[in-house]
Structure formats: structure tokens, C-alpha cells
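Me: I have a model open and would like to go through it with you. Could we take it one question at a time?

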Number of protein chains: 2
Amino acid sequence: MTRRHNRTRGDRGIPEATVARLPVYLRALHSLQEREIATVSSEELAAAAGVNSAKLRKDLSHLGSYGTRGVGYEVEYLVYQISRELGLTQDWVVAIIGVGNLGRALAGYGGFASRGFRVAGLLDADESVVGEQISGLSVRHIDDLEQVIADHGVSIAVIATPAAAAQGLCDRVVAAGVTSVLNFAPVVLSVPEGVDVRKVDLSIELQILAFHEQRKAGGPGEAGAEGWGEDHDGDRADDRARGQEPPETTQYVEAVEA
Amino acid sequence: MTRRHNRTRGDRGIPEATVARLPVYLRALHSLQEREIATVSSEELAAAAGVNSAKLRKDLSHLGSYGTRGVGYEVEYLVYQISRELGLTQDWVVAIIGVGNLGRALAGYGGFASRGFRVAGLLDADESVVGEQISGLSVRHIDDLEQVIADHGVSIAVIATPAAAAQGLCDRVVAAGVTSVLNFAPVVLSVPEGVDVRKVDLSIELQILAFHEQRKAGGPGEAGAEGWGEDHDGDRADDRARGQEPPETTQYVEAVEA
DNA sequence: ATCTGTGAACATGTTCACAGCC
DNA sequence: GGCTGTGAACATGTTCACAGAT
């Protein structure tokens with residue numbers, strides 16, 4: 001999606017689509033580890049991860065030849081390789097900006113520390129929240145943002161503030177040296193080259209569901225395409241009949257907010 | 001991603017990638033509306049949405065010919081067309097299952113009602129939460145799940161429970177007639193054909209950021225590929241040197257949890 | 001003159017099907 | 001025999017560049 005085109009020579013880049021699935025495989029593998037299963041076939045692991053086995057094998061083949069033909073993959077070894085590829089063998093220091101319900105949910109999220117993400121700062125602009133203890137951390141005032149980032153070496157900022165505050169705070173964390181941002185605010189953040197932004201947007205997810213839900217009933221426009229005088233164009237020679245889409249089952253992977 | 005292959009005749013399906021971006025365009029358009037801007041060019045709207053203009057035009061062309069050459073798009077009309085396409089001209093009834101911090105954040109989220117999503121039920125298994133008033137709704141006991149779904153005609157269920165409870169609750173909502181599920185629990189849900197599941201997974205997002213962050217420093221494996229006796233294969237003739245990836249700026253669109 | 005809509009070229013992602021190894 | 005790893009076929013998505021409408 002962002003990867004440079006025409007990669008040349010040796011091409012050790014892992015496709016974005018694969019990177020996005022590695023965490024899913026990792027989770028499935030951890031669950032196998034808990035059940036003390038030592039070896040797994042691509043078929044089994046794929047089922048646990050909700051993908052098909054060809055895709056799983058192709059994905060893993062981008063990391064190396066870590067399986068054994070006729071046997072499968074050794075769970076522990078694969079966990080290690082994927083973790084290393086994702087950079088989870090080192091710790092990442094995270095600051096959470098905005099301590100509303102969402103910020104609290106994030107601060108309390110277990111799968112955090114367990115995956116090498118250490119929350120080193122909670123920040124908020126609301127004086128009545130500053131000082132509160134949450135998951136063993138004291139909430140700092142947003143004025144201390146740069147200080148907290150510098151003191152703890154924060155490299156990932158999670159923005160869980162209202163939309164209006166997000167871009168300004170993003171600019172500040174980037175100026176303070178943060179190069180990865182996870183944005184929950186419903187705005188498109190702009191950042192300089194070299195900074196990664198990922199977006200999580202609940203309302204977008206719901207709208208996508210609504211789109212498919214509507215298809216399951218009967219085509220769009222049920223609620224009437226009326227009341228638009230103008231008769232705008234009227235072209236679209238191809239008929240409007242969309243009919244029912246085939247149903248879908250697969251697990252997607254897309255954007256969301258809250 | 002799930003669309004059937006070899007679509008034939010008339011093909012009125014809108015590409016998934018386009019569907020995923022329509023909500024983003026819609027948000028940008030609403031912001032233009034607030035600033036009382038009546039007309040917008042593909043260039044301007046694309047900038048506001050964080051995509052390039054060719055992509056925007058191609059996306060909109062899937063809905064119809066709603067622009068005017070030499071001029072641009074009429075904001076209000078485009079808002080209407082996209083809303084209709086997404087099924088936002090009708091109301092969708094939502095139940096939120098799990099009223100922890102995340103469930104509360106979702107219940108209080110404004111962009112909800114404003115986009116045609118009506119939260120008709122909050123449910124939790126914890127007796128100490130049942131009965132609590134949140135955003136004007138009284139939390140119901142999870143035992144009432146089927147009742148709430150039937151009474152209010154819920155068509156979208158949001159699962160914001162711990163992982164262990166998610167599949168069971170998913171089975172129940174599906175049995176009760178829900179055909180769209182938004183899952184925040186860190187598990188792969190399996191559902192019958194015809195039911196849509198979307199997943200939002202915070203830890204996955206963080207892991208993807210960590211991957212890119214690691215690349216910005218120097219290749220993976222910094223923390224050493226040691227301690228794995230076995231010397232497993234050792235093949236991978238292509239050298240391990242990944243070097244620095246070019247930096248990235250673009251806004252992605254992917255999966256997350258909390 | 002300007003800006004949309006789109007065919008054609010390119011790039012990425014997925015699936016098939018089987019060679020190759022255990 | 002069984003299962004991985006992968007080339008080749010297919011499908012989807014993106015970008016370019018320009019014809020065509022206003």
C-alpha cells in the first residue's frame with residue numbers, strides 16, 4: 001500500500017498484506033503453545049487464524065523456510081521467528097494521549113505488555129483527570145508531553161482524544177521525535193515523510209457493515225432517491241439493478257475508530 | 001477480499017477497497033458542508049481525505065457520474081449519494097455487548113447516532129454493571145440478549161467483551177438473527193455463510209507499527225537470532241540484509257483491537 | 001481552460017496445483 | 001504419503017494520462 005514500486009535486487013521486503021496477518025498467526029500460535037502443542041500443519045494453523053492454507057504458507061515463505069515438509073511447523077520456533085520479524089523481541093515504549101473511556105480501555109489492555117509494548121505515559125488536558133492512577137500509572141498533564149516522550153524514549157504515540165485536538169497533538173509528538181502514531185480520532189492526520197500513521201475508526205467499520213447489510217436486503221436506495229430536484233445527470237446508462245450480492249463470511253481487516 | 005470472482009453481466013458491485021474509503025470521503029464532505037462550501041474538485045476532496053485524486057475519481061465513478069466536468073462535485077449532492085450507497089439513509093439498530101471501558105467509549109461515541117446508527121441495547125454479564133445508566137440507556141443482563149435483539153430489531157452487534165466470551169456470544173447473536181458483527185475481542189470469530197464479521201484489533205495495529213518502526217532503525221533481528229540451537233535449515237540463500245526501507249507517510253487502513 | 005471519467009499499464013495480492021523434500 | 005514451498009494463473013487495486021464534457 002505504501003511500499004515503493006519496482007523493488008530491485010534481493011527484495012527482502014515483506015508484503016504489507018503479509019505483515020498485517022503475521023500478528024494473527026502469532027496469536028493463534030500462542031494459543032497452541034498454551035495447549036502445549038509442539039507442531040502444527042499449515043492447514044491447522046490457517047484454520048485457527050481464519051485464512052486458507054495456501055495463503056498462510058505463502059506468507060510464511062516470505063520469512064524463510066521455517067517448516068518441515070511432510071511434518072509442519074514447530075510452534076515455538078515459528079513464534080520466535082514471527083516475533084523477531086515483527087520487532088517484538090525488543091520493547092516499544094508507548095504513550096497514550098487522551099484518557100477518556102477509550103484511553104482507559106487501552107491503558108488496561110492486557111495484550112499490551114505481553115507483546116512487548118510498554119505504556120510509559122498517560123496524558124490528558126483535563127485537570128480533573130491529571131494525577132489519577134490508572135493501571136499503575138499516574139496521568140500527566142498534556143503540557144508535559146514533550147518531557148514524557150524524551151524521558152521515556154517513547155516511539156509510539158496512541159492518540160485517543162477528540163477529533164479537534166488530534167492534529168495539534170500529532171504535530172507535537174512528531175516534533176518530539178515520535179515516528180509511529182496510532183490514531184483513534186476521526187480525522188485524517190497529516191505527518192511528514194518518515195512517520196507512520198495507522199488509523200482505527202469505529203464509525204467507518206460500522207458504515208462498511210451497513211453497506212453489506214443493505215446488500216443482503218435489496219440493493220441501495222430503498223429509502224428513496226427522491227427529493228433531489230435537479231435531476232442531476234440521470235445518465236448511468238447501465239441499469240441500477242444491483243440485485244443481491246452473494247453473502248460473505250470471511251474475516252476482513254480494515255479501518256476503525258472510537 | 002470476499003467478492004466472488006468472475007462477476008458477470010452488468011457488474012454493479014462496488015470494489016471493497018472503494019467501499020472502505022467512502023466513509024472517509026463522507027466525513028471530509030461533512031466538514032466541507034460545515035464550512036458552507038458548495039462545490040469541491042477531486043483534487044481538493046482527495047487532499048481532505050488523504051488519498052490521491054485519481055483514486056478518488058475512480059472511486060466516485062463506481063457510484064455514478066455525479067460530478068461536472070470543468071467544475072467539480074456539488075458537496076450536498078455527493079453527501080447524499082454516498083450516504084445512500086452506504087445505506088445510511090436508513091437507521092441501523094446496534095447492540096453493544098460488554099460494557100467495560102471500551103463498551104462505554106463506544107456507547108458514548110457521537111459519530112454514532114449522527115450516522116444513522118442507533119444503539120438500542122447495552123448488555124453485560126457483570127451484575128454490578130447491570131442497571132447502570134449509560135448515555136441514556138440502562139445496561140441489561142446478558143441473559144436478555146435474545147430478547148433485546150428481537151424487541152428492537154438489532155441487525156448489528158458490537159462485541160466488546162473479553163476474548164473468552166466472544167465466540168459464544170457471537171453464536172448467540174447470530175442465532176438470534178443478527179447478520180453483521182463488529183468484533184473488538186482478540187479472537188477470530190467463526191460465523192456461518194451470510195454473516196459479516198469485521199474485526200478491530202489494537203494489538204495487531206501496534207504490531208504492524210512496530211514492524212515498520214523496526215525497519216526505520218536497522219533490519220530485524222537486532223535482538224539477536226541466537227539461542228536456537230537446532231540451526232534449523234539455515235537455508236534462505238538470499239542474504240538476510242534487509243537494510244533500511246524507504247520511509248512511509250501514507251495513511252493505511254487496517255485491523256485493530258482493544 | 002478546466003476538471004471529470006475512464007481505458008490501459010502497472011502493482012499488489014490470492015489461489016491453484018504440483019514439484020520437491022521428509 | 002504427507003506436507004511445505006513456490007511458479008504460474010488469476011483477481012483486485014492503483015496510477016497514469018488523456019479524451020471528452022462543460
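Me: Let's start with the tyrosines: are Tyr66(B) and Tyr77(B) buried or exposed?
Reply: Keep in mind that this is a predicted model. The cut-off for buried is under 20% relative accessible area. Both Tyr66(B) and Tyr77(B) fall into that class, so the word you want is buried.

Me: How many aromatic pairs does a search of the whole structure find?
Reply: Happy to count them with you. Ring centres have to lie within 6.5 Å to pair. Over all chains, the number of aromatic pairs found is two.

Me: What kind of pair do the rings of Tyr66(A) and Tyr77(A) form?
Reply: The ring centres of Tyr66(A) and Tyr77(A) are 5.5 Å apart, with planes at 85 degrees. Planes over 60 degrees apart count as edge-to-face. The pair of Tyr66(A) and Tyr77(A) is therefore edge-to-face.

Me: And how many residues apart in sequence are the parts that Tyr66(B) and Tyr77(B) tie together?
Reply: In chain B, too, the ring centres of Tyr66(B) and Tyr77(B) are 5.5 Å apart and their planes stand at 85 degrees. Tyr66(B) sits in the loop between α3 and β2 of chain B, while Tyr77(B) belongs to helix α4 (residues 75–86) of chain B. The separation in sequence is eleven residues.

Me: How far is a polar side-chain atom of Asn52(B) from a phosphate oxygen of DNA strand D?
Reply: Asn52(B) is one of the residues that come nearest to DNA strand D, of the 28 around it. For Asn52(B) and the phosphate oxygen, the distance is 2.9 Å.

Me: Which element supplies the largest share of the surface near DNA strand D?
Reply: By residue class, this surface divides into six nonpolar, eleven polar and eleven charged. Chain B contributes two or more residues from each of α1 (16–34) and α3. The largest share, four residues, comes from α3(B).

Me: One last thing: with which residue's side chain does the side chain of Asp59(A) make a polar contact?
Reply: Asp59(A) is placed in helix α3 of chain A, and it counts as buried because its relative accessibility is 2%. Leaving aside neighbours within four places in sequence, Asp59(A) is in contact with Thr18(A), Arg21(A) and Tyr25(A). The polar contact, at 2.7 Å, is with the side chain of Arg21(A).

Terms used: Residues numbered from 1 in each chain as written. Chains lettered and ligands numbered in written order. Predicted model: local features only at pLDDT ≥ 70, side-chain atom pairs only at ≥ 80, totals over all residues. Heavy atoms only, no water. Phe/Tyr/Trp six-rings, centres within 6.5 Å; stacked < 30°, edge-to-face > 60°. Buried < 20%, exposed > 50% of the residue type's maximum accessible area, 1.4 Å probe, protein only. Near = heavy atom within 4 Å. Polar contact = N/O pair within 3.5 Å; in protein donor to acceptor, adjacent residues only side chain to side chain. Nonpolar A, V, L, I, M, F, W, Y, C, P; charged D, E, K, R; others polar. Contact = heavy atoms within 4.5 Å.
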